[in-house]
Amino acid sequence: MERKKTRPVWLGSVQVGGGAPISVQSMTNTDTRNIAATVEQINKLAAAGCEIVRVAVPDMEAADALSLIKDQINIPLVADIHFDYRLALAALDKGVDGLRINPGNIGGRERVLEIAAAAKARKVPIRIGVNAGSLEKDLLDEYGKPTASALVESALREICLLEEVGFFDLKVSVKSSDVPMMLEAYQMLSEKTDYPLHLGVTEAGTLRSGAVKSSVGIGILLSKGIGDTIRVSLTGNPLEEVRVGYDILKSLGLRARGIELISCPTCARTQIDLIKIAGEIEERLEGITAPLKIAVMGCVVNGPLEAKNADLGVAGGKGTGLIFRQGKVIRSVQEKELVSELIREAKQLAAQTAI
Ligand code: SF4
């Protein structure tokens, strides 16, 4: 699919927009003032593939923690600022790689311009993060409630303000927990600006509902070529946000990382415990970063072809499974050995791919 051309911005060494691979972001849910816990979570997120991380900066103590956090991590750090522009200035002083400000609550024009001047001096990009839950009062009065047009107007107003003072190092988001609204808002915004867009469904929900809403919202936009970086927002462990983010990108063929599992839903023809086998394989191969397509199929109806077309596959039989590796049958193994055999083969393939 053809992607919309946007301007590039850099958060540290990570390019967003301008044709760069779509990056996966997340946000910590530790107390930023607890430096050890925040660093530990960021490093786990990075190991899972998170490429940009955002931390909330609710007060000066959290802002003061940023430089020590940054010293102990290897991915760009973005400070998420609401209400108090002085926190944005402090975060810049502490060396963050990006700022997220919310036009609805950061204060007036002068405050925003002060942040822009400080960010420009340090070459730090700003994300204008519009959120349907915190729109400016005058827009709520004008539109009566949050709408796609109100979200876009809020974003464009802030873009104009920053452009007026020569600040162009921007990315933009117009998030809503309502998927049709965010879809409309991002599509409208994409027609009106070429700044890179950070996609997300805000407050999307718990693991299952949030993953579904995010996949629909983010996935539809990406399939239209819109979007440069994504954050899946889940009520839960942020590691899941990263996993779901990659799953969305992998399902659209936009990124390749780790295991892509193809597994059948099982039916009356299944004669092995396929659900358990597929779950174990997914869990035990979580740490693999080399892109590998693994098909775990219950029987000979669709099994052999799916298994043949994957890097590694199994087509189940009666208490047995036929293992395929790169299109060829390599052996038949008993059900109790299937998981360990597939893991062994997958690790071998991953090691070869990594070389
Ligand atoms: Fe059923 Fe076979 Fe299809 Fe799996 S692959 S759902 S076992 S028919």
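Buried here means under 20% relative accessible area, exposed means over 50%, and partly exposed lies in between, using a 1.4 Å probe and protein chains only. Before going on, this is a predicted model, in which local features need pLDDT of at least 70, side-chain atom pairs count only at pLDDT 80 or more, and totals for chains, interfaces and linings use all residues. Residues are numbered from 1 along each chain as its sequence is written, and side-chain values use heavy atoms, with hydrogens and water left out.

Back to L221, which sits in helix 8, residues 207-223. Helices (H or I, at least four residues) and strands (E, at least two) are DSSP runs, numbered from the N terminus. Leaving aside neighbours within four places in sequence, L221 contacts M182, L183, Y186, Q187, L199 and I226; contact means heavy atoms within 4.5 Å. L221 and L199 are 22 residues apart along the chain, and their C-alpha atoms are separated by 8.2 Å.

Eight strands make an open, parallel sheet in the order 8-7-6-5-4-3-10-9. Strand 8 (170-175) and strand 9 (198-199) are at the edges with a single partner strand each, so one side of each has no neighbour in the sheet. Two strands pair if DSSP finds at least two bridges between them. Strand 7, residues 126-131, pairs with strand 8 in the parallel sense over six bridges, and I126 has L170 as its bridge partner in strand 8. Helix 9 lies across strand 3 (23-27) and strand 10 (229-231), at about 160 degrees to strand 3. For such angles, axes are lines fitted to C-alpha atoms, for helices over the stretch in contact, and the angles run from 0 to 180 degrees between N-to-C directions.

Another open sheet has five strands in the order 11-12-13-14-15, with mixed pairing. Its edges are strand 11 (259-263) and strand 15 (328-334), each with a single partner strand, so one side of each is left without a neighbour in the sheet. Neighbouring strands in this sheet are turned by 20 degrees against each other on average, direction ignored. Helix 10, residues 274-284, packs on the sheet and touches strand 11 and strand 12 (292-297), its direction making about 165 degrees with that of strand 12. Strand 13 (residues 312-316) pairs with strand 14 (residues 320-325) in the antiparallel sense over five bridges, and G316 stands opposite G321 in strand 14.

Next, charges. Side chains of opposite charge can pair when their charged atoms come close. A salt bridge is a side-chain nitrogen of Lys or Arg within 4 Å of a carboxyl oxygen of Asp or Glu, and the whole structure has 27 of these salt bridges. One of them joins E51 and R255, at 2.7 Å from N to O. E51 is in the loop between helix 1 (35-47) and strand 4 (52-56), and R255 is in the loop between helix 9 (238-251) and strand 11, so the pair ties together parts 204 residues apart in sequence.

How far apart are the N and O atoms of E345 and R325? The distance in that salt bridge is 2.5 Å. E345 is in helix 12 (residues 335-354) and R325 in strand 14, 20 residues apart, and both are buried.

Last, the ligand. Residues around the ligand include C264, R269, M297 and N302.

Conventions. A residue is near a molecule or strand if one of its heavy atoms lies within 4 Å of it.
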